[in-house]
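Subject: Structure handover

Hello,

Here is the structure we spoke about. Please open it alongside these notes.

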Amino acid sequence: MKKTDQEYKKLLSDIEYRVTREAATERPFSGKYWDHWDKGRYTCVCCNTPLFLSDTKFDAGCGWPSYNKPEEESAIKEIKDTSHGMIRTEVRCANCDAHLGHVFDDGPDPTGLRYCINSASLSFEPSANAELTSKP
């Protein structure tokens, strides 16, 4: 069932709402997950859809969490973004249409992709047997 803007405003923090519902971008190096290396799964903050596994996260040096692939391709939808005088590919949650970030073709092997995602669009579920880890 689709939530209304009022329901999202009650559910989400101000930055989570602005990023996911209004396609804002958090400042680089400011989000809670940009330098987060625990083992687990990153989900959509709006609907809890599984999006990325920690095993696909890497340090892109850009200040946002970066992943080389989604957990399931069907969880993400891509949209051509021509804002800000450039052509980019926006990524959204396929389930609730939350803005997540953008995908670029400058990532590591094996995919060559970099899903550059706002921390404010994510929740984290630690693995059951996960230990706190440091940056790989």
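**The β6–β7 hairpin**

Asp-97 takes a positive phi near 70° in the hairpin of β6 and β7, where five residues lie between the strands. Helices (H or I, at least four residues) and strands (E, at least two) are DSSP runs, numbered from the N terminus.

Before the rest, the ground rules. This is a predicted model, so local features need pLDDT of at least 70 and side-chain atom pairs count only at pLDDT 80 or more, while totals for chains, interfaces and linings use all residues. Residues are numbered from 1 along each chain as its sequence is written, and side-chain values use heavy atoms, with hydrogens and water left out.

**The sheet**

Six strands form an open sheet in the order β3-β4-β8-β7-β6-β5, with antiparallel pairing. Two strands pair if DSSP finds at least two bridges between them. The edges are β3 (57–58) and β5 (76–81). Each has a single partner strand, so one side of each is left without a neighbour in the sheet.

- β5 pairs with β6 (residues 88–93) in the antiparallel sense, over six bridges. Ile-76 has Cys-93 in β6 as its bridge partner.
- β6 and β7 run antiparallel and are joined by four bridges. Thr-89 has Val-103 in β7 as its bridge partner.
- β7 and β8 (residues 114–117) pair in the antiparallel sense over four bridges. Here His-102 stands opposite Cys-116 in β8.

How enclosed is β7? Five of its six residues are buried (under 20% relative accessible area; over 50% is exposed, in between is partly exposed; 1.4 Å probe, protein chains only). So β7 is largely enclosed by the rest of the structure.

**Helix α2**

The buried residues of α2 are Glu-16, Tyr-17, Val-19 and Thr-20. They pack against α1 (5–11), β6 and β7 (99–104). Contact here means heavy atoms within 4.5 Å. Just after α2, Ala-23 takes a positive phi of about 60°.

**Aromatic rings**

Rings of Phe, Tyr and Trp (its six-membered ring) pair if their centres lie within 6.5 Å; planes under 30 degrees apart count as stacked, over 60 as edge-to-face and the rest as tilted. By this rule there are seven aromatic pairs. In one of them, Tyr-33 and Phe-124 have ring centres 6.3 Å apart and planes at 45°, so the pair is tilted. Tyr-33 lies in the loop between α2 (14–22) and β1, and Phe-124 in strand β9 (residues 122–126), so the pair ties together parts that are 91 residues apart in sequence. Tyr-33 is buried at 9% relative accessibility. Phe-124 is buried too, with a relative accessible area of 17%.

Ring pairs also link a cluster: Tyr-33, Tyr-42, Phe-52, Tyr-67, Tyr-115 and Phe-124.

Charges also sit over rings (NZ of Lys or CZ of Arg within 6 Å of the ring centre and within 35 degrees of the ring normal). The charged end of Arg-21 sits over Tyr-8, 4.0 Å from the ring centre. The charged end of Lys-57 sits over Trp-37, 3.8 Å from the ring centre.

**Thr-49**

Where does Thr-49 lie? It is in the loop between β1 (40–44) and β2 (50–53). Thr-49 is buried, with a relative accessible area of 16%. Leaving aside neighbours within four places in sequence, Thr-49 is in contact with Tyr-42, Thr-43, Cys-44, Ala-75, Cys-93 and Asn-95.

Best wishes
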